[in-house]
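Subject: Structure for you to look at

Hello,

Please find the structure below.

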Amino acid sequence: VTNPPTPDLLPALIRLVGAAQVLVEPADIAPFSTDWRGRYSGTPLCVVRPGTVDEVAGVVRLCAQADVAIVPQGGNTGLCGGATPIGGEVLVSLVRLNRIRDVDALNNAITVESGCTLQQVQEAAAKAGRLFPLALASEGSATIGGNLSTNAGGVQVLRYGTMRELTLGLEVVLPSGEIWHGLRALRKDNTGYDLKHLFIGAEGTLGLITAATLKLYPRPRYQSTAWLAVRDPASAVRVLAALRESLDNTVTAFELMSDVALGLVAQHIDGAPLPLQQAPAWQVLVEFSGSAALADEVPQALMALREIGEISDAVIASNDTQAQAMWRLRENISEAQKREGVSIKHDISVPVSRMADFIARADAQLTQQFPGLRIVCFGHVGDGNVHYNLSKSLTQDNAAFIKSAPIANRIVHDLVTEFGGSISAEHGLGQLKRDEIARYKSSVELDMQRAIKRALDPTGRMNPGKLLPSCRH
Ligand SMILES: Cc1cc2nc3c(=O)[nH]c(=O)nc-3n(C[C@H](O)[C@H](O)[C@H](O)COP(=O)(O)OP(=O)(O)OC[C@H]3O[C@@H](n4cnc5c(N)ncnc54)[C@H](O)[C@@H]3O)c2cc1C
């Protein structure tokens, strides 16, 4: 097909991938048109579901010829509206690219297509006796392509790093429709610019990721999960440092949760009892992975911390069911906050050493500005990343609360910057923070980003209106 005008695009797409994989009916495209939080909505020209890399490249070429923009979408679990159309684009859903292409246990590497869910990849690794360590509450639906494009973090970053650090190679369909075959399974490759890093965290603005080669690790022989009561975030940070000193590299997760966050879980999620009798203001879920020696070492280390008053109470899960119940509490905080109603979310990071001061200052400023505001603070404090979310006071109405978002954002993001942090630790910018970032990134940095965008996507058709402030559209 050469140069079809826009009206010919749909028939051309249908010829390429088949009528069943080109959705145009409002009821069929509805699930793709709104984001997980229900904040963003846009009607695409159509939804296309290619099943092979060549089909993806064909779709991209057809859209280029018709000068129609593309929105890539994986599991649609993103939290910044990055996968939601603005309107009129071709939404390319990658979920049919879901094959595990290769597992190389000796090289500790797995090659998967980008529409595989994270859970599918974890399971394929487990089948080969290996661990793929990325873990998110959304792992049953979130895809590898989405994980890569948002450089997802999750609960194991402390030990294994973000998606960026877990990636060895990529296969990408470029905005021109060319395919970059970059699926190298090497730990060392110093042959110029490391191009895969451009596409990781690019939120689909530079190309469509179709496959990835990812790192695998040995499976831990023993895991211990504990639930701790701490006085405040400062003591949580000290507890983390002490545990890492006494138990080396075995701390694989360290999640801080406020009583407000856990209160919402208790209220909205059935069968999620809190492990501790008394509910302290701050609680921590900590996971250790290593050898069977942890069975003795973990209780000893926790006892020592209790004796010096850093933790006031602790429960160690005695079996997998108890450990899973603890994780269920942590993983249901986002869902519980969603059921509670509208929220203003801040996915921020600061240096771990400055986390406690940041939380104290932000709490003070926000509660002074918005009396009765509920601060739902929780997250990966070991990575210096918390979800500093806000739920409205019980008496305020939704419209007034939403209207206060710019002021709340200004307070939180200015403070984050003062503390040397980032206004998006792991969820990306999408539509939500695309304009906000212009305030916090230098013009030098923004210009370099725009130069990269222009070089790879000169016509600005890849996911317009996301990530970069004032590009095309
Ligand atoms: C309950 C819950 C818990 C979560 N917990 C975490 C967490 O702990 N850590 C974390 O980092 N995130 C978390 N998230 C956010 C989300 O799950 C991640 O951002 C995830 O990586 C998105 O994957 P997805 O397949 O759903 O991507 P989508 O939402 O479909 O897309 C996200 C972005 O990636 C782009 N994209 C998707 N696929 C491709 C592709 N193949 N090629 C190019 N671009 C593509 C989209 O255009 C969009 O910009 C959570 C979300 C929920 C709902």
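This is a predicted model: local features need pLDDT of at least 70, side-chain atom pairs count only at pLDDT 80 or more; totals for chains, interfaces and linings use all residues.

Helix 13 itself runs over residues 355-369. Its 15 residues should span 21 Å at 1.5 Å a residue, and its end C-alpha atoms are 21 Å apart, so the two values agree. The buried residues in helix 13 are M355, A356, F358, I359, A362 and L366. They lie on the same side of helix 13, because they cover an arc of only 155° around the axis. In an α-helix there are 3.6 residues a turn, so residues three or four places apart point the same way.

The largest nonpolar core has 53 residues, and those that touch the most other members are L243, F254, V286, F358, L366, Y388 and L390. Helix 15 gives the largest share of this core, six residues. A second, separate core has 29 residues, among them L118, F199, L206 and I209.

Leaving out residues up to four places away in sequence, L366 touches L373, I375, Y388, L390, A408, I411 and V412.

Is S224 buried or exposed? S224 has a relative accessible area of 6%, and the cut-off for buried is under 20%, so S224 is buried. S224 sits in strand 12 (residues 222-230). Again leaving out residues up to four places away in sequence, S224 touches V286, E287, F288, V298 and I316.

Regards

Notes:
Residues are numbered from 1 along each chain as its sequence is written. Side-chain values use heavy atoms; hydrogens and water are left out. Helices (H or I, at least four residues) and strands (E, at least two) are DSSP runs, numbered from the N terminus. Buried means under 20% relative accessible area, exposed over 50%, partly exposed in between (1.4 Å probe, protein chains only). Contact means heavy atoms within 4.5 Å. The expected span of a helix is 1.5 Å times one less than its number of residues. The arc is that of the directions from the helix axis to the C-beta atoms. A nonpolar core is a set of buried Ala, Val, Leu, Ile, Met, Phe, Trp, Tyr and Cys residues joined through side-chain atoms within 4.5 Å.
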